[in-house]
Amino acid sequence: MKHTMLGTKAETLQYISENGFPVPDVHFFTVHEWNNFKDNVISNISNKYESVTYLAVRSSSRAEDTEVDSMAGAFESILNVNYKINGELSTAIDTVINSFDNNPENQVLIQPMVEDVRMSGVIMTKSLDDGSPYYVINFDDTTGKTDTVTSGNSINKTVYVYNGFKDKDFDSPYLLKVLKVVEELESLYKNLPLDIEFALNNKNEVFILQVRPITTSTNWKNKANKLVSERLPYLEDFVQQLMTRRVDIYGEKTLLGIMPDWNPAEMIGVVPHPLAMSLYRELITRRAWSLAREEMGYKKMPDVELMVSLFGRAYIDVRNSMNSFLPEKLSPEISEKLINAYIQRLENNPHLHDKIEFEVVPTAYDFKFEENLNNRYPNLLNEEEIKEFKNFLVELTQNAIEDTEGNTLNKAIELIELLKTLQEENLNKKLVTPFSISDHVNTLKNQCVKYGTIPFSITARHGFIAESLLRSAIACGAIEEERVKAFKRSVKTISTELSTDFYEVCNENLEKDKFMQKYGHLRPNSYDILSPCYKNRPDLLDGDPQKPGEHEVFQLSDQERKNLNILLRDHGFDRINADDIFKYASKAIKGREYHKFIFTKHLSAIIEYITEWGELIGFSKKDLAMLTLDDVQSVLFEPITKDLKVFFKRRIKKAKKSYSVANSFKLNYLIRSRRDVYIAPMQRSAPNFIGNKRVEGKIVFLNPFIKEIPDLEGKIICIEGADPGYDWIFSRKIGGLITKFGGANSHMAIRCAEYDLPAAIGCGEQPFNKLIKAGKVLLNCQGKRLEPLTI
């Protein structure tokens with residue numbers, strides 16, 4: 001029998017109802033019948049639904065819900081029609097029919113409204129973009145309405161559930177109940193991917209409101225199902241092993257997140273190219289991250305990695321991160337208690353996954369330390385334990401701020417200047433063989449870690465300490481928030497220099513060659529070979545840039561100085577004063593931006609040398625993106641018995657397959673247990689709003705691989721990560737900035753504060769994607785609102 005799925009919406013619902021599925025009572029008629037026998041149609045409806053008050057009058061056009069085109073939302077449907085009110089039913093039917101084309105065989109579907117709705121939504125039985133084996137559930141369990149998901153008027157919850165789920169993996173009995181009905185529907189329509197609307201009432205009764213084929217299935221890669229399914233058991237096993245106890249690491253379990261600590265989602269992307277991930281690993285997350293913290297007085301870490309790869313998706317091992325923020329001399333008993341409590345707080349509050357250092361883990365001492373500790377972790381530590389923890393953090397923080405010869409911030413500044421000196425003789429060597437290039441890349445990598453990313457990591461940590469102190473001073477009333485913003489605007493960074501020079505070169509007051517000599521290495525997505533750097537973007541210097549404003553001069557008032565000094569004395573800071581804090585914060589903010597600017601010059605050189613290495617062998621940048629740094633350096637370790645191109649071509653082919661599969665996995669921002677391998681709720685991020693302005697405007701989405709730069713003036717710019725390679729946008733008179741990933745202390749947050757530019761940093765995947773589709777947005781920083789506006 002031919003699937004009735006290929007008929008109309010009404011015919012399909014009638015068919016599945018006759019096969020025993022829960023569907024609100026179906027009645028339908030054609031436009032021809034309505035036009036010629038209107039009174040008879042109304043009478044039939046009245047007789048059928050005599051005991052019902054509210055009806056749904058829905059479209060059932062011949063043009064919608066076909067295998068090639070769903071036409072979702074193209075025609076009207078009217079809900080909550082009280083047909084007992086004279087004329088209301090006829091008006092609703094006319095409205096639906098007027099939205100149709102002229103086919104008299106189009107149908108109008110009548111059903112009783114589902115009442116007392118607990119949950120409603122849409123389930124795709126396969127992932128819409130690639131057909132990977134996941135139920136994709138968009139649902140609303142808040143409003144009690146049945147059309148919030150399909151109307152697109154709100155941001156609803158999204159959950160990905162692996163097609164081979166186990167009942168025990170579910171937290172929600174309601175979703176499980178709905179999926180059991182969906183599984184039965186799949187058995188009725190064998191091998192046909194379905195798009196299903198549903199509602200669940202307060203009696204836990206499931207109702208199917210619509211079933212149609214997924215029209216994008218012809219674009220899917222047939223192997224996505226098989227390749228994902230084959231790997232999931234190995235992924236579960238790997239996650240389970242990471243969750244167990246580890247030697248010299250405190251905490252009973254771990255969590256895995258894409259945005260904590262070094263935030264790979266922001267820096268290299270959720271599914272980075274293999275070369276980008278390997279560079280990030282070698283330069284930062286393998287060892288540099290922990291060595292930097294160890295030097296500052298934090299826990300000496302065993303040789304563990306901060307980042308792990310889940311079949312190509314980058315995650316931070318949160319337990320390792322949290323351990324690295326413990327003071328070195330803190331007792332094991334207190335350390336164990338703290339790590340377990342931190343993990344529990346984040347597990348219970350997953351929306352904090354991009355705010356760990358401000359909302360979960362006290363990484364230094366600030367003026368709200370004891371209050372926050374007691375509020376977040378009541379009765380965790382006794383008085384003596386709190387005193388010990390506090391004293392170690394006070395000492396660590398005071399050592400960070402005190403301007404001495406051995407101060408780690410000062411030493412980091414010296415090292416980065418050494419790297420700058422090395423760049424003069426190491427970044428422009430002419431090399432002509434793959435072996436010599438690999439050899440030099442190895443040298444540059446080691447220099448970059450020793451003199452670049454380790455000191456940068458130290459400086460970045462000082463930036464966090466300064467930010468934490470300033471925030472807590474505001475919270476204590478010692479200084480106004482606007483005054484701290486004024487201070488930040490007064491700090492002249494390398495990014496400020498970039499904006500000034502950009503303006504000058506566009507106005508022909510500075511030579512382009514000199515500009516590119518200084519800034520040409522910068523690129524959005526700093527680690528990705530496919531992202532062109534400034535010197536390879538010929539239209540970068542086009543347009544009419546915004547003239548940078550004059551930098552403010554900031555001085556503490558006598559009252560502010562007095563307030564802060566009292567705070568410092570009350571909290572045991574006996575070697576620093578109020579002026580020291582602002583001098584320190586200025587040095588840390590400048591240092592962090594400058595150090596990033598300098599070490600990325602080494603990074604960019606590594607990428608350019610790898611490009612030359614590939615050209616000698618015969619590979620494009622797209623090919624090279626699929627190799628790793630280890631691949632490039634493998635020629636230094638042992639002879640390769642095959643032709644180089646043949647040898648690496650095989651690796652590239654295998655890597656491309658793995659990369660494709662990585663994109664098909666659906667995993668949560670925060671993985672809390674092995675169950676999250678199979679069920680992935682998409683956690684929402686609370687954006688970090690910068691400033692207090694309100695703007696509306698059209699959106700321009702910039703991806704790092706864009707070839708031509710569009711007109712940005714007055715537009716609200718959307719970028720995925722808060723990456724310094726996008727600094728040029730501040731010279732284009734933009735109206736605002738929104739990023740998918742990024743924290744309150746990220747590069748772009750600082751830059752927007754400096755420019756007093758309204759911004760929402762780190763709004764999360766689902767809101768970000770919805771904003772881009774809308775094309776226009778309301779960005780209200782004062783009211784903490786970010787809303788898509790359809791144009």
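**Close-up 1. A salt bridge links R694 and E696 in this predicted model.** The closest N and O atoms of R694 and E696 are 3.1 Å apart. E696 is partly exposed, with a relative accessibility of 43%. Side chains of opposite charge can pair when their charged atoms come close. In total, the structure holds 46 salt bridges. One network, built from salt bridges that share partners, joins R281, E282, R286, E305 and K445.

**Close-up 2. K300 and E294 meet through their side chains in a salt bridge.** The N to O distance of this pair is 3.3 Å. K300 counts as exposed because its relative accessibility is 52%. E294, with a relative accessible area of 25%, is partly exposed.

**Close-up 3. A salt bridge connects the side chains of D403 and K587.** Here the N to O distance is 3.4 Å. D403 belongs to the loop between helix 15 (383-401) and helix 16 (408-426), whereas K587 belongs to helix 22; the pair therefore ties together parts that are 184 residues apart in sequence. D403 is partly exposed at 45% relative accessibility, and K587 is partly exposed at 23%.

**Close-up 4. Helix 21 packs against helix 22.** Helix 21 spans residues 558-570 and helix 22 spans residues 578-617. Their axes lie 8 Å apart and form an angle of about 95°, so the two helices are roughly perpendicular to each other. Helix 21 contributes R561, L564, N565 and L568 to the contact, and helix 22 contributes A578, D579, I581 and F582. By class, five residues of this contact are nonpolar, one is polar and two are charged.

Close-up 5. Strand 2 (residues 54-60) and strand 3 run antiparallel and are joined by three bridges. V57 has I78 in strand 3 as its bridge partner.

How values were computed:
Residues numbered from 1 in each chain as written. Predicted model: local features only at pLDDT ≥ 70, side-chain atom pairs only at ≥ 80, totals over all residues. Heavy atoms only, no water. Axes fitted to C-alpha atoms, helices over the stretch in contact; angles between N-to-C directions. Helix = DSSP H or I, 4+ residues; strand = E, 2+ residues; numbered from the N terminus. Parallel < 35°, antiparallel > 145°, perpendicular 65-115°, else oblique. Contact = heavy atoms within 4.5 Å. Nonpolar A, V, L, I, M, F, W, Y, C, P; charged D, E, K, R; others polar. Pairing = 2+ DSSP bridges. Salt bridge = Lys/Arg side-chain N within 4 Å of Asp/Glu carboxyl O. Buried < 20%, exposed > 50% of the residue type's maximum accessible area, 1.4 Å probe, protein only.
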